[in-house]
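Me: I have a new model open and I would like to learn how to read it. Could you walk me through some features, one at a time?

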Amino acid sequence: MSATDHAGTAAGQSGRAPGGGPAAGRAAAARAYRPALRPGVLISPALLRGPRTVHLIKHPVSGAAFEVGPREHFVIGLLDGTRNVDDVVAAYAERFRRRLPEEQWTRLLGLLGTRGLLDGSPEPAPPEPGPARTGTFWAGSRRTVADAHATTGRLHRLLRPVLRPWAQLPVAAAAVVMTVAVLADAGAFLDGTWELLTSPLALVPFAVFLWFSICLHELAHGVAARHYGGVVSEIGLRWRFPAMMMYCTVDNYLFLPGLRAKLVVAAAGAYVNLALLLPFALWWALLDPADPVRPVLTGMLFVGIVQALSNLVPLSPLDGYRMLGHILGAANLAPETGAYLTLRRRGRDAVADYPQRARRLYVSYAVTAAALVLVAAAGTCAAVVWLFLR
């Protein structure tokens, strides 16, 4: 039953009371109505999207989501079944120093009721799963797990004992030590990379290892999301001929509790990539520096570390881009930056609606992204030249 249904039912009952007409009864019922959100409704923290600050609200069953502004978010946060319109109006006036218009209250309740977000609203049917395969031979995706949420749940239960801080802190410390030790000697890792590239017997199995490492990278996102109460909707394969990679989709990523949960989920893949290199690092550390296998291992560690850390670069669609967006509290950072710069070329008046924080953020990200792209291009060119000159 929607908000308006609630109000209408109560109004009909009050309309039969002696001494008052139907209109008076409906008005009294509307003022007495104490709406509550449906259990499980997800509400995101504040997100900067273009010139606006918004909150996302998502239905727990249908998965439908929409945006509201800070004032609507404040009112929605008061809908716990204990407050009527007078209580909400008083709280709103105290917070914003102005009275909540009655038509705005009615319109918001109608919106929530229509979308099934009020307690007592009709239960919507869950969304139909999409096709198992989409795309063409050259580019597309295929769902490979029937119930991704259950699968990652089983993995999480299996791995839960080793997900505790006492188990993960030594692994994280070892990964940091390995990274510093390998990257400290530029000459050694460049020579090692050359040795790896010119040793097919080592390069081919290591390439296979990296592919499986990327698959585990995706599963790590799903397991980390389950650890914080997230919902994993899909696990499958995505291809752009001739490359094929696994993917794992977390549905309510933006609604995870707290910044730490979002950052851990985003960084979980790169962390697992580094952890998988630790056996190679131990072998590398135990070898005599003169051993001919050591340079090849150095190259393996260098390539693996670069592959893992490159995911933390804050460029779309990498994990570091998501982490930066969470830290800054900004949604769709790259496209919104592009939209801002496009408007800015038309003059200051075109971006007059953008608050100062948004202007600084989008300009800063544009400069940072451009610098990162230039550094990556320069590094790639230098590596190619070095390989040709060697």
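Predicted model: local features only at pLDDT ≥ 70, side-chain atom pairs only at ≥ 80, totals over all residues.

Me: Where is Y354 found, and what does Y354 touch?
Reply: Y354 is in the loop between α14 (333-344) and α15 (356-389); helices (H or I, at least four residues) and strands (E, at least two) are DSSP runs, numbered from the N terminus. Leaving out residues up to four places away in sequence, Y354 touches G50, P51, Y340, L343, R359 and Y362, where contact means heavy atoms within 4.5 Å. Y354 and G50 are 304 residues apart in sequence, yet their C-alpha atoms are 7.2 Å apart in space.

Me: What does the side chain of H59 reach?
Reply: The side chain of H59 reaches the backbone nitrogen of S62 at 3.3 Å, and a polar atom of that side chain lies 3.0 Å from the backbone oxygen of G116. A polar contact is a pair of N or O atoms within 3.5 Å; within protein, one must be able to donate a hydrogen and the other to accept it, and residues adjacent in sequence count only if both atoms are side-chain atoms. H59 lies in the loop between β3 (52-58) and β4 (65-68), and counts as buried because its relative accessibility is 2%.

Me: How do I read a sheet, and what is the strand order here?
Reply: Strands of a sheet pair through backbone hydrogen bonds, either parallel or antiparallel. Here an open sheet of 4 strands has the order β5-β6-β7-β8, with antiparallel pairing; two strands pair if DSSP finds at least two bridges between them. The edge strands, β5 (133-135) and β8 (243-250), each pair on one side only.

Me: How many bridges join β6 to β7?
Reply: There are 5 bridges between β6 (residues 139-143) and β7 (residues 232-240). R143 has G236 as its bridge partner in β7, and R142 has L237. On to the next pair: 8 bridges join β7 to β8, L237 stands opposite M246 in β8, and a hairpin links β7 to β8 through 2 residues.

Me: How do I describe two packed helices, such as α10 and α12?
Reply: Two packed helices are described by the angle between their axes and the distance between the axes. The axes of α10 (residues 258-276) and α12 (residues 293-310) come within 8 Å and cross at roughly 170°. That makes α10 roughly antiparallel to α12: angles under 35 degrees count as roughly parallel, over 145 as roughly antiparallel, 65 to 115 as roughly perpendicular and the rest as oblique. Axes are lines fitted to C-alpha atoms, for helices over the stretch in contact, with angles from 0 to 180 degrees between N-to-C directions. A270, N273 and L274 in α10 meet I305, Q307, A308 and L309 in α12.

How values were computed:
Residues numbered from 1 in each chain as written. Heavy atoms only, no water. Buried < 20%, exposed > 50% of the residue type's maximum accessible area, 1.4 Å probe, protein only.
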